[in-house]
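Visitor: I would like a close look at one part of this model. Please take me through it step by step.

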Amino acid sequence: MKEDCRLHALSARRALLLAGFDGQIQKDSELCMEFSVDKNWIFRFECEKYGAPAWRTSIVYREGSGWAVDGFSIPILMQVFSNLKGKEYGSLSIQSQIDFLSFERSDVFKNVDFYRDEYNRLNEADF
């Protein structure tokens, strides 16, 4: 992984561990690091190949014998839960994203039906 993004990815891993998630490195490639959240979910940290450090964070669930391709963008999930629960989850910093995952752990990882429709609606919206 590019060194500038590696530092941010490892910071995310540390925050996952501190929040009580598994945090084991599952993948480490040029543009992506994946950390296990539990046996059925991973936290994916993807970097842009060119330009300033920029990244995308998502959670991805087990699909058959592998992992789903897209998963759920954490910033979009934060907005979805804000809409559904009327709560604010802070900035989109890595720490705030992991705090959100920790705080909403039971619904995020065990109750996908609760948010799937709203997630799809926001994810498909034209901006």
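Is the crossing of H2 and H3 left-handed or right-handed?

Guide: The model is a predicted one. In it, H2 and H3 cross in a left-handed way. Helix H2 covers residues 74-85, and the two helices pack with their axes 10 Å apart, at an angle of about 55°. That angle makes H2 oblique to H3, because angles under 35 degrees count as roughly parallel and those from 65 to 115 as roughly perpendicular.

Next come the residues that make this contact. H2 supplies Ile 74, Pro 75, Leu 77, Met 78 and Phe 81. From H3 come Ser 96, Gln 97, Phe 100 and Leu 101. Sorted by class, the contact of H2 with H3 has seven nonpolar residues, two polar ones and no charged ones.

H3 also packs against another helix. Helix H1 (residues 3-18) meets H3 (residues 94-103) at an angle of about 30°, and their axes are 10 Å apart. H1 is therefore roughly parallel to H3, since the cut-off for that label is an angle under 35 degrees. In passing H3, H1 makes a right-handed crossing. On the H1 side, the contact is made by His 8, Ala 12, Ala 15 and Leu 16. On the H3 side, Ile 94, Gln 95 and Ile 98 take part. By class, the contact of H1 with H3 holds five nonpolar and two polar residues, with no charged ones.

To put the two side by side: H3 has a left-handed crossing with H2 and a right-handed one with H1.

Methods. Residues are numbered from 1 along each chain as its sequence is written. This is a predicted model: local features need pLDDT of at least 70, side-chain atom pairs count only at pLDDT 80 or more; totals for chains, interfaces and linings use all residues. Side-chain values use heavy atoms; hydrogens and water are left out. Axes are lines fitted to C-alpha atoms, for helices over the stretch in contact, and angles run from 0 to 180 degrees between N-to-C directions. Helices (H or I, at least four residues) and strands (E, at least two) are DSSP runs, numbered from the N terminus. Angles under 35 degrees count as roughly parallel, over 145 as roughly antiparallel, 65 to 115 as roughly perpendicular and the rest as oblique. A crossing is left-handed if the near helix is turned anticlockwise from the far one by less than a right angle, and right-handed if clockwise. Contact means heavy atoms within 4.5 Å. Ala, Val, Leu, Ile, Met, Phe, Trp, Tyr, Cys and Pro count as nonpolar, Asp, Glu, Lys and Arg as charged, and the others, Gly among them, as polar.
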